[in-house]
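Hi,

Here's the structure I said I'd pass along.

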Amino acid sequence: MTDSFRIESDTMGDMRVPVSALYGPQTARAIENFPISGKRFPRSFIRALGLIKSVAANINGRLGHLPAALAAAIETASEQVVEGHHDGEFAIDVFQTGSGTSTNMNANEVIGCLASAHPNDHVNRGQSSNDVFPAAMHIAVAESVVARLLPAMRQLGASLERKSAEFHGIVKIGRTHLQDAVPIRMGQEFSGYARQVETARERVEAALSGIFELPLGGTAVGTGLNAPSGFASAAIAEIARRTGLPFVEAPNHFEAQAARDAACFLSGALRTYAVALTKIANDIRWLGSGPRCGLGELKLPPVQPGSSIMPGKVNPVIAESLLMVCAQVIGYDAVIAWCSAAGNFELNVMMPVMAFDLLDAIELLAAGTKNFAEKLVDGLEADRPRAENCVEQSLAMGTALAPEIGYEKAAALVKEAYATGRTIREVAREKSGISEERLTGLLNPHLQVG
């Protein structure tokens with residue numbers, strides 16, 4: 001030992017390792033080699049790695065490829081990793097070897113130390129970084145989507161549906177091209193938002209089918225060299241049992257290791273959801289703009305002071321927070337797409353940053369969605385008088401007169417109303433020739449919205 005380090009050896013020679021560390025020389029080399037960002041893999045990924053090692057030990061012991069006592073020791077140590085007891089030992093930067101070999105060996109060394117087992121010969125038996133790392137990515141992603149994102153999406157969808165019902169009786173002016181359009185129910189507008197969230201959730205759920213395919217058993221290049229017969233199917237069945245998710249063996253191990261198309265497809269679904277949330281959040285904050293000099297049809301819940309200089313100002317901060325989440329997720333998707341294209345022959349070599357970004361995108365969307373539902377949507381109120389007054393003042397009310405007097409005459413009435421600052425109703429009384437009773441029916445907004 002030298003100072004607070006011990007000397008360990010690997011195939012490249014001696015390496016200093018902190019005395020207190022559970023990891024070994026390969027991890028220490030990687031920590032030294034990649035002082036890039038300070039970013040580390042999240043709990044969900046470390047859990048998935050531990051799960052793979054636990055299951056692999058269990059199956060290797062069951063098949064007789066490891067002594068029963070050694071397999072049990074590795075499984076016990078791996079479960080400690082699953083439960084998060086040693087997360088501080090996973091100290092390698094995300095920007096590392098593109099296959100994730102460094103992080104796989106980090107897990108092997110930590111578990112090997114705890115179980116008095118060899119990291120390669122025992123902990124990594126029947127495996128390669130090239131099938132373990134993408135499998136861990138898929139497991140972590142699937143668990144995060146199912147446990148965190150989908151419930152949040154259902155929550156927001158339900159919140160928007162409740163507002164759709166609550167606002168059904170309020171008729172407001174529609175808007176196209178940022179200009180007044182014909183009337184619409186505020187509830188109809190919110191039903192569109194709810195449907196956006198529902199269809200986004202359906203797309204994410206559809207993308208999970210590819211994520212549920214695991215490449216375990218393909219080892220280095222997909223051929224399964226050094227993986228015992230029956231290992232892959234048994235290990236994946238056990239992973240499915242322990243997670244309660246429908247993981248299956250990839251039907252083609254060469255595709256499953258050379259390409260990351262399933263991750264790219266899911267990222268695209270997350271990006272589409274982020275785009276939908278951007279539209280919803282922007283609409284709601286614009287409809288709540290004001291409170292006196294904006295659109296002002298919605299009253300957003302006040303959650304914090306909005307200005308350090310303007311007393312009483314309240315800003316749509318929850319919507320703004322979500323918009324930044326969406327921007328980050330859309331940026332992550334560009335990275336993930338670029339990384340997915342970086343498959344060279346039998347292996348993708350940008351998996352670590354892809355895994356990090358995909359998992360962070362899921363967590364950001366889950367947290368942002370839940371926060372948006374609880375701190376903004378659930379507390380929304382409609383300003384009915386404001387909404388109804390905007391309908392009466394709108395020049396788009398002239399649309400209802402076109403079938404009665406023709407498009408050109410209706411347009412002339414609209415232009416005069418605009419020029420004189422009067423309503424369509426007032427000008428039409430004077431110049432349309434339509435009876436008051438008939439005019440009242442034609443200009444009743446409730447009869448125009450269905």
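**What I found**

Starting with the second largest pocket, its lining splits into 7 nonpolar, 5 charged and 4 polar residues. (Ala, Val, Leu, Ile, Met, Phe, Trp, Tyr, Cys and Pro count as nonpolar, Asp, Glu, Lys and Arg as charged, and the others, Gly among them, as polar.)

Before I go on: this is a predicted model, where local features need pLDDT of at least 70, side-chain atom pairs count only at pLDDT 80 or more, and totals for chains, interfaces and linings use all residues. Residues are numbered from 1 along each chain as its sequence is written, and side-chain values use heavy atoms, with hydrogens and water left out.

Back to that second pocket. Its volume is about 380 Å³, a volume being the space filled by probe spheres set on grid points that are joined across faces, edges and corners. A pocket here is an open set of points on a 1 Å grid over the protein atoms alone, where a 1.4 Å probe fits, with protein on both sides within 12 Å along at least five of seven lines; lining residues have an atom within 4 Å of a point. Of the 16 residues lining the second largest pocket, Arg 175, Leu 178, Glu 189, Asp 283 and Leu 287 lie nearest its centre. Strand S3 (171–176), helix H7 (186–211) and H10 each give two or more residues to this lining. (Helices, H or I of at least four residues, and strands, E of at least two, are DSSP runs numbered from the N terminus.)

Leu 178 is worth a look: its phi is positive, about 65°, although it is not a glycine. You'll find Leu 178 in the loop between S3 and strand S4 (179–185).

The largest pocket comes in at about 440 Å³. It has 16 lining residues, and closest to its centre are Gly 288, Ser 289, Gly 290, Pro 291 and Val 314. Helix H10 (261–287) and strand S7 (298–299) each supply at least two residues of that lining.

Elsewhere, how do H2 and H4 pack? Helix H2 (residues 43–62) and helix H4 (residues 101–115) have their axes 11 Å apart, at an angle of about 60° (axes are lines fitted to C-alpha atoms over the stretch in contact, and angles run from 0 to 180 degrees between N-to-C directions).

Cheers
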